[in-house]
Amino acid sequence: MFILNAQSLRTHSFPERAFKKLTNRYKVAKKVEAIQLGLQDISNRQEALGIKNIGEGMSTSRSAQMLQDLRRSTPHAEEHVVVGLENEAYKLVNQLIDCRPRDVYMKIIKQICSSTKEQVEMVEKLQEHELGDFLHGHLKDNRYLIVLDNVWSPADLSCLAKKSSNDPDCLGSVFPDGGKGSRILLTTRYKESWDLFRRKAFLDIDAESYLPDLKELGEKMVDKCNGLPLAIVLLGGLLSKNMSHIEWKKVHDNMSAYLAKEGQIAGVMTMLNLSYIDLPSYLKPCFLHLSLFPEDYVISTRKLLLLWIYEGFVLQQDRQSMKDTAEIYLNELINRNLIQVVRTSVNARVMECRVHDFIQELAIEKAKEHNFIGTNIVVDPHLFPSSSPSLFSSKSRRQSIYYDFERYASIEHYSTPYLRSLLYFNLGGICRISQLDFITKCFKVLRVQDLEGLGIENVPSIIGELIHLRYLGLRHTGLKMLPLSIGNLRNLQTLDINNLKRVPDVIWKITNMRYLYIEEQEEDDPLKIDTVQNLQILSGITFNQWIRNNSSKLTCLEKLKIEGRCELVEEVEFSNSIGKLHSSLKSLYLKASDESSIPSLAMSSCPHLCKLDKKGRMQKLTETFKFPRNLSQLTLEACRLECDPMPILEKLPNLLTLRLRAGSYLGKEMHVSAYGFPRLQILQLLRFK
């Protein structure tokens with residue numbers, strides 16, 4: 001009956017055919033159930049009468065095994081279903097955490113079949129093997145890619161791909177090949193655990209060169225990680241700091257204590273706790289600060305280091321800037337595998353980073369324990385309508401806002417008068433001027449305010465009352481004007497903003513300023529900055545603004561970016577203004593707008609200059625002897641040079657990186673001598689015609 005009904009359904013669409021087929025199967029299943037009851041009755045009588053099964057009592061186990069194998073035959077099991085993990089497919093599928101095959105089948109069916117509520121309810125009533133049959137029936141006529149993600153914890157489960165069925169026409173593999181190029185992709189946290197640990201703990205040194213007892217301890221600890229790469233990486237980072245047997249034994253004993261206390265606690269959480277406990281006191285606040293960032297958020301290290309400095313986490317070191325010290329802290333956390341590197345510069349400095357979600361969970365947990373943050377995250381009410389942002393701890397010193405700034409602005413904030421840091425993460429909201437008033441009224445001791453990416457029409461003049469403010473981030477806000485009261489922020493050390501119509505000429509009052517970012521000004525009004533003698537980075541000042549200042553007073557300036565029109569700039573005057581920075585300047589970026597040409601200058605008077613970027617027309621390339629001897633990075637773009645630049649550039653003795661980008665050279669050929677560029681490591685030729 002079922003075969004006849006199935007034959008009649010071949011002209012229907014798949015969803016209709018599939019669910020009618022299930023109905024027929026359900027009816028057949030009832031009859032099969034009756035047959036099974038009859039068979040059970042026969043079996044009972046067989047036992048009572050002493051009748052043996054076929055093969056029982058055979059003289060060899062081989063004959064019995066043959067019968068067993070025949071009963072388990074799988075006529076539609078195909079090979080080449082698993083890509084890249086053929087030898088371990090069975091093991092990996094058996095390691096799906098806290099999961100039954102039925103659950104996996106249901107998840108797949110719901111994604112590949114569109115069905116009504118009634119049809120879903122019918123499917124949910126099916127037994128596990130019936131779900132496997134149904135899934136197989138859909139997949140066998142289609143080309144598919146199934147991804148089983150996060151296969152990473154051992155469990156005693158039957159192999160998903162080898163479920164048998166009571167249907168004689170549907171035995172064996174649930175995932176057929178069918179010769180259509182279908183594949184199953186397994187992503188897993190299982191790797192060669194010891195090799196991974198060895199690379200992290202012993203770095204580039206051969207593990208065999210260490211004492212055998214270290215290796216023995218290491219193998220025991222790796223075994224406790226249950227094959228979890230994140231736990232192994234954290235363990236390696238923790239142990240790499242000290243190669244003594246005493247320290248390794250201490251970590252081993254702590255791991256055992258944690259595991260004994262928590263029972264089956266995941267190895268990764270054990271290692272996270274141990275990694276946090278092992279942090280020196282100066283790194284713990286920096287780690288806790290990571291709790292303020294959204295999950296999987298790509299963090300600008302430039303901003304992160306400044307936030308650490310202004311939060312007071314970075315200790316002043318003799319003969320070393322606080323920013324350099326902060327960068328050392330960052331690299332320590334990276335070496336401990338608590339921060340992941342996203343992007344580096346050509347000289348291997350970390351430009352962007354992120355935090356693994358498990359590590360961030362630990363940071364949030366520990367931050368709340370230490371009142372480092374409170375219940376401080378405003379979430380999207382459409383996603384989490386039940387969450388309430390109104391319960392802030394009076395001890396909370398730091399708050400970060402996700403998604404809904406308007407909602408955050410509408411609640412009472414008088415319970416957090418000692419807030420020191422307020423961060424917003426961009427999701428494009430529009431903020432009216434009245435919504436920013438509460439910041440000044442409620443948070444009188446605020447030191448860090450970063451609203452990057454928040455749409456702002458204007459900043460209220462009362463912002464000048466935030467006299468403790470040290471960091472003000474307003475990048476990508478659409479803001480065109482700043483109030484003159486910004487000059488009252490005498491403790492401000494970083495102002496980060498772009499695309500202003502004009503910068504108010506009050507920066508000269510903020511004598512503690514260290515880092516000033518004001519790129520892409522629309523107008524070229526005068527801007528006095530030569531009184532800000534602590535300035536270390538100045539980015540975005542125009543050529544005309546620059547030459548009107550006495551640069552000899554800027555004795556701490558290390559990084560300078562000048563942009564805008566420069567046709568009225570006198571070359572000798574401009575060259576002299578740069579030469580006055582001879583004792584401090586390390587990085588110079590000149591960007592000419594429109595068709596104006598970059599003024600030529602002799603940079604040999606700046607012996608510390610190691611990085612030079614020029615974007616814009618150049619009359620000719622500076623002679624080799626006019627380049628600073630220590631120049632290691634050079635970028636040219638839109639220079640429109642007509643003469644081959646290589647005969648000059650190849651003589652730079654310490655040049656490591658050379659980038660020639662679009663429009664830098666208009667010729668057809670470039671020639672380099674056999675002995676040119678003695679130290680060059682990176683050459684980039686981009687968009688040459």
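User: Which residue forms a salt bridge with K250, and how far apart are the closest N and O atoms?
Analyst: In this predicted model, the partner of K250 is E247, and the closest N and O atoms are 3.6 Å apart.

User: Where do K250 and E247 lie?
Analyst: Both belong to helix α11, which covers residues 245-262. They are 3 residues apart, about one turn of the helix.

User: What does D450 pair with?
Analyst: D450 forms a salt bridge with K303, and the closest N and O atoms are 2.7 Å apart. Because D450 is in strand β10 (residues 448-450) and K303 is in helix α14 (residues 301-310), the pair ties together parts that are 147 residues apart in sequence.

User: And is that pair buried or exposed?
Analyst: D450 is buried, and K303 is buried as well.

User: What about E522, which residue is its partner?
Analyst: E522 forms a salt bridge with K480, with 2.6 Å between the closest N and O atoms. This pair links distant parts of the chain, 42 residues apart. E522 is in the loop between β14 (515-519) and β15 (537-542), while K480 is in the loop between β12 (471-473) and β13 (494-498). With a relative accessible area of 34%, K480 is partly exposed.

User: Changing topic: where is S421, and what does it touch?
Analyst: S421 is in strand β8, residues 421-425. Leaving out residues up to four places away in sequence, S421 touches E311, R397, R398, Q399, L446 and V448.

User: Why does S421 count as buried?
Analyst: Its relative accessibility is 1%, and buried means under 20%, so S421 counts as buried.

User: Now helix α16. What span should it have, and what does the model give?
Analyst: Helix α16 has 13 residues (357-369), so at 1.5 Å a residue it should span 18 Å. Its end C-alpha atoms are 19 Å apart, which agrees.

User: Which residues in α16 are buried?
Analyst: The buried residues in α16 are F358, I359, Q360, L362, A363, K366 and A367.

User: Which residue just after α16 takes a positive phi?
Analyst: N371 does, with a phi of about 55°.

User: Which residues make the nonpolar surface patch of about 260 Å²?
Analyst: The patch is made by L683, L685 and F688. L685 is in strand β21, residues 682-685, and its relative accessible area of 45% makes it partly exposed.

User: What is the average pLDDT of the protein?
Analyst: The average pLDDT is 77, and 72% of the residues score at least 70.

User: Where does pLDDT stay under 50?
Analyst: One such stretch is residues 1-15, for which the model has 17 contacts beyond four places in sequence. Another is residues 54-98, with 67 contacts beyond four places in sequence.

Notes
Residues are numbered from 1 along each chain as its sequence is written. This is a predicted model: local features need pLDDT of at least 70, side-chain atom pairs count only at pLDDT 80 or more; totals for chains, interfaces and linings use all residues. Side-chain values use heavy atoms; hydrogens and water are left out. pLDDT is the predictor's confidence in each residue, from 0 to 100. Contact means heavy atoms within 4.5 Å. Patches are made of residues with over 30% relative accessible area and no salt bridge: like charges are joined within 9 Å, nonpolar side chains (Val, Leu, Ile, Met, Phe, Trp, Tyr) within 5 Å. Accessible areas come from the Shrake-Rupley method with a 1.4 Å probe; for residues, only the protein chains shown count as cover. A salt bridge is a side-chain nitrogen of Lys or Arg within 4 Å of a carboxyl oxygen of Asp or Glu. Helices (H or I, at least four residues) and strands (E, at least two) are DSSP runs, numbered from the N terminus. Buried means under 20% relative accessible area, exposed over 50%, partly exposed in between (1.4 Å probe, protein chains only). The expected span of a helix is 1.5 Å times one less than its number of residues.
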